[in-house]
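I opened my notebook to keep track of what I looked up here, one entry at a time. Follow along with the structure beside you.

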Amino acid sequence: MLGLKQIGGRLAQLIFVLWAVATILFLIFRLMPGNPLAAYIDPTFTEEQQLILMAKFGLDRPLWEQYFIYLWNLLQGELGDSFFYRQPVFDRVLELLPNTLILTFSSLIVAYAFGIIAGAWLAWRRGGLAERVAIPIVLTTRALPEFWLGMLLLAIFSFSLGWFPAGGTRSPGEEYSSLFALYSSTDFLAHLVLPAATLAIYSQGLPLLLMRSNMLDVMGEDFVTMARIKGLSSWTVVVRHAARNALLPVVTSFAIAVGYQIQGNVVVETVFSWPGLGRELVNAVSASDYPLAQGAFLMIAIVVVLMNLLADLLYSLLDPRISHA
Amino acid sequence: MTRILKTIAAAALATLVAAPALAEGDKIREISILTRPQAAQPSEFQFVNIIAQEWRKLGLDVKIQVMPWEQMADLVWYNRDKWDVTGWQMVGRPERSDPDELIYNLYHSSTAPKGYNFLGYNNPDYDKVVEAQRVETDANKRQTLLKQAQAMLAEDQPALMLVHPKSTFAFDKTVWNASTVVDQGGIGIKNTWTFIEMEPLGDKKDIVLNSADNIQGINPLWISGGTDSWITELIWDRLLRIGPDGLPKPWAAESFEWVDATTIKLKLRDGMKWHDGKPVTAEDVKFSFEAPAGEEAPMYKPFVGNIASIEADGNSVTFKLKKPAAAFTTGSLSKINIIPKHIWEPILTDLGVKDDNAESHQEKMPIGSGPYKFTSWTTNEEVVLAANDGHWARPKADRWILRIVSNTEAALGMLRSGEVNFLSDFSGDPKILLNAAKEDGDLEVVSTIDMGFRYVAFNNRRPPFDSAGFRRALSAAINRDLIVGAAFKGFAVKSNSVISPALPFWHNAEVVDMKTGADLAKSILKESGFELVGGKLHYPDGVKESLAE
């Protein structure tokens, strides 16, 4: 187990990483060519109006001063107002985050459940026909671009067969009293299927291959041979002895994958018009909406860093042999 | 080798001997032409490349500079003496149905330092003509002046006009009665009239339409994104509305009358109600036009700048103007949203003491008096409006549902599968849309010539573009039919005037058919004194290149 001291150390590292991310974000957007207010100010504005706006957003101050104001605001959880929407960035990001999280988790849970079972099974059937057919398929799905896969699923299951709607999280004009009412409706599920399937197909390769190779390692070990000698059934040997031990690295890779998947959603959210954080990020960058882009990037960075921390903690929890001391 | 050297020497000698008494003009520097990236603006990128190629045939060195919009706007708009040529566009908006905004603002010398005349055209004769049309309230006399102004622009070519694009939209004709869809001149079938008049054929009574852009705000005091204006036009009434013919029609005002050149009197319609049930009064109208005059709605401020005073009396409203303005009915009375005083007065008073203005005030439940009422807005997903049963022009549809669809191909698929029934935003190739409609059989596609236009602006401040002859030649070198076909795939009409043929009363059709061709361009250059030396274009005699790097 981790001691308090180790956890403290990890937290300090985490804060350092977030500070570095925040600083890089600040610099990237200020060093981009062009007037930061080009997207905000209508060129018909008079010069005085433009100067007032520059002053309002603090863009007339020196860069270092802007930087300290920015850090101070971040410490207070203040992400500023979006240029594009003229509304607080924090509210906007928080409104879209649940949609992204539900898409991410549902697709990853499917991908990992499938990957773990299929990986274990393939390890068990090593050298057989199943392996020769399955492994190339898995490698192919891993190499498919997500947008292409998404368009393909849309063309087949939405436009040709008409089984699933093509975009959004709800049918036109459907009203839900709460987020929970929306997420628990069949309407929402029907909208979730295609984007989640796209992400799941793309993500299942990693847990599958990881599980398979872990299983192969584990099955060569003495305790598995011992279990077989004891005359236990194949099922018991695979599930109770081998799989349990092979699972540990896969579970921790899940936590890391959640973090990375959030960024992967950018493409899928655009293909399926999913109102999530990824699509907002693309809009914010193309509209030069610095406060919003910074806020969205920062939120994603926080999720990634937290998930990494969680992976570390899980590791030591699940496998007491691993110590951070 | 020696033979070659001898030939060169002989040629050089011949040039020297033939040289005129006056020093020959310098070689024109490499000129650069700006365009946005192909991914963002495929048509612009394409026509800029064609134009550069044609200009090179005249002996010019042309460099194409590709940059994103933010950078281009910054250079062209804020650094007015630092660029040569740029691709540019003006978009069609209902209030541009009056030619004043384009013909005056784009080329009057007063807007050259900081306003719309970014290319720096300065012609005192032109200034006089466009000033005269501005105060001319007799339509026929004004028409003559406007045609004259267009002819002057055609002669001077301050910019190289290319095309008026066509706006292309589609709808499901098994859901909507095609004969009730209104095609508004210069705007297309996606307009307020269609959303009010369009009649359902069967049980499906919801207009479900799409936009690729997120909604920025639903706010009667903020001119935000283009898609947002579709919504504000439906929730809030205006005194007049631009009709399908491009002329202002009575709306919330049932009639209007010019008392004299600077006084207009309007009579309000009886029985109008806000969506919260309170009556719409003349005081509300007065408030709506006074509110933008302060500092809280900067984007609407220019539209009320000419109002000297407003008088509300019973159900009539009288506007006194500072000076006569022919475009007042179109540019102001059809533009300003009528807002409820009981809601906005406290908000504006509160904002008056803060840094923020009305643009950042998003009402939870926007209240107007328009034909549709606000129902809901889900971030980046949809906006739902419901028909206002109490409105004198109650829409034939029940609901108006705008879906945000970020994927263009999916939008077309949704139209075919019925997830949307009105394609109000399609950025793909219009031919693909036409083919899909042919295959499908249920869809009707309508293309309308736009009020807006695409062009290439010359920086009139910088030599050699300060020479009208040079600009005329460069313009004559470009075959517009080729541009229509190659860069717009036929979905545009060629142009030589800022007033679109979509506004037939004001448009000067005589200027459109200009002669073009490389030979013509070369002869104009020669007449203007420009010379070809060793295949490269030089300034007229005695003129130095002052801007070479």
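**Entry 1: before starting.** I noted that this is a predicted model.

**Entry 2: chain A against chain B.** I first looked up how the two chains meet. I found 41 residues of chain A in contact with 40 residues of chain B. Next I asked which elements give two or more residues to the side of chain A that touches chain B. They are α2 (47–56), α4 (89–124), α6 (146–160), α11 (234–271) and α12 (277–286) of chain A. The most comes from α6(A), with four residues. Sorted by class, this side of chain A has 16 nonpolar, 16 polar and nine charged residues.

**Entry 3: domains of chain B.** I then checked how chain B is divided. Domain 1 covers 169–237 + 366–447, and domain 2 covers 254–346. Taken over C-alpha atoms, the centres of domain 1 of chain B and domain 2 of chain B are 28 Å apart. I wrote down that 14 residues from domain 1 of chain B and 18 residues from domain 2 of chain B make up their contact. On the domain 1 side I listed seven nonpolar, five polar and two charged residues.

**Entry 4: a sheet in chain B.** What is the strand order in the open sheet of four strands? I read it as β8-β9-β11-β10 (chain B), with antiparallel pairing. The edges are β8 (253–260) and β10 (307–313) of chain B; each has a single partner strand, so one side of each has no neighbour in the sheet. From one strand to the next, the twist averages 20°.

I followed one pair further. Between β8(B) and β9 (residues 263–268) of chain B I noted six bridges, with the strands running antiparallel. Here Glu257(B) sits opposite Lys265(B) in β9(B). I also looked for a helix on this sheet, and found that α9 (residues 282–290) of chain B lies across β9, β10 and β11 (316–321) of chain B. Its direction makes an angle of about 165° with β10(B).

**Entry 5: a hairpin.** Strands β12 (residues 372–378) and β13 (residues 382–387) of chain B run antiparallel and are joined by six bridges. I looked up the bridge partner of Thr378(B) in β13(B), and it is Glu382(B). Three residues lie between the strands of this hairpin, and Asn380(B) takes a positive phi near 55°.

**Entry 6: α5 and α6 of chain B.** Helices α5 (residues 124–135) and α6 (residues 139–156) of chain B pack at about 155°, with their axes 9 Å apart. An angle over 145 degrees counts as roughly antiparallel, so I recorded α5(B) and α6(B) that way. Their crossing is left-handed. Among the residues that meet, I marked Val129(B) and Val130(B) in α5(B), and Leu145(B) and Leu146(B) in α6(B). The contact of α5(B) with α6(B) has eight nonpolar, two polar and two charged residues.

**Entry 7: α15 and α17 of chain B.** From α15(B), the contact takes Gly469(B), Arg472(B), Ala473(B) and Ala476(B). From α17(B) I listed Leu520(B), Ala521(B), Ile524(B), Leu525(B) and Glu527(B). By class, I counted six nonpolar, one polar and two charged residues in the contact of α15(B) with α17(B).

Terms used:
Residues numbered from 1 in each chain as written. Chains lettered and ligands numbered in written order. Predicted model: local features only at pLDDT ≥ 70, side-chain atom pairs only at ≥ 80, totals over all residues. Domains from an automatic or database assignment. Contact = placed C-beta atoms within 7 Å. Nonpolar A, V, L, I, M, F, W, Y, C, P; charged D, E, K, R; others polar. Pairing = 2+ DSSP bridges. Axes fitted to C-alpha atoms, helices over the stretch in contact; angles between N-to-C directions. Parallel < 35°, antiparallel > 145°, perpendicular 65-115°, else oblique. Left-handed = near helix turned anticlockwise from the far one by under 90°.
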